[in-house]
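Please have a look at it first.

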Amino acid sequence: MHAPTHNPTLAAVPPTHTRLLQAWATLLVLTLWWDFSGADLAIMQAIGHPDGFAWRHHWLLEAVLHDGLRRVAFGFLALLGLWALWPAGPGGIWPGVARRERGVVVLLVLLSLLAVNLVKSSSRTSCPWELQLFGGQASYVSHWNLWAGDGGGGRCFPGGHASSAFAFLALCLPWLAPPHTTARSARRGWGVLAAVLLVGLVAGATQTLRGAHHPSHTLWTLLICAGVSLAGWHAARPWMAAGRRQTVGPSP
């Protein structure tokens, strides 16, 4: 009877990946608490007034942090696609990440954007600036009330602009949760994660100050993008590890 062999390319889920899942679950609980606390409306009433939102068309928020950031996100996505197609081997941007991993990263970015837009397109929740409290026609209805319209245009949940950054969360995973035993700098992964979170929160805060989204809309966008990234990366680990075996050959 032969003892089972250990394949290092199919190692157990990295501890960092588990910690990220735990962080996601904690954020889910906090976001649900936020939803049912009524904090959304309280914050919007502190920012807006019966005539609307004073900062809705502020040049910094509208032209720079909304329109400009969106264009930067499109450009970065194009660069990420080129990175995914870059030949394997040394050199290039962030060398050492296998092509399969790069392809999965790009796919998860696109799936994150798609998931947010699918939820948004079916949502009956209108933007805060459409509410009667702020000079619009809609009534405030919780986004959990899926059967009641609020009298506005809807399609404003979750936050689409925040997904311009949060969709790139998968970019940290080749370093924080590599699919094989290759040693990589976790510091680089944490740096990427911190940058994505910072830009996403700035994008979400921009839309809240303009009256386009409640704070919870940004939190749900983060949850959706992070959930897609973590689940998709975990599901693709065997395929990515198999690609590693084909590249380096069987272990001695």
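A search of the whole structure finds 1 cavity of 30 Å³ or more, where a cavity is a set of points on a 1 Å grid over the protein atoms alone at which a 1.4 Å probe fits but cannot get out, and a volume is the space filled by probe spheres set on the points, joined across faces, edges and corners. Please keep in mind that this is a predicted model, in which local features need pLDDT of at least 70 and side-chain atom pairs count only at pLDDT 80 or more, while totals for chains, interfaces and linings use all residues. Residues are numbered from 1 along each chain as its sequence is written, and side-chain values use heavy atoms, with hydrogens and water left out.

The largest cavity has a volume of about 60 Å³, and its lining residues, which have an atom within 4 Å of a point, include Asp40, Tyr140, His143, Asp150, His214 and His217.

The largest pocket, a pocket being an open set with protein on both sides within 12 Å along at least five of seven lines, has a volume of about 350 Å³. Among its 18 lining residues, Arg70, Gly160, His161, Ser163 and Ser164 are the closest to its centre.

Lastly, which class does Leu114 fall into, buried, partly exposed or exposed? Leu114 counts as partly exposed because its relative accessibility is 46%, given that buried means under 20% relative accessible area, exposed over 50%, and partly exposed in between, with a 1.4 Å probe and protein chains only.
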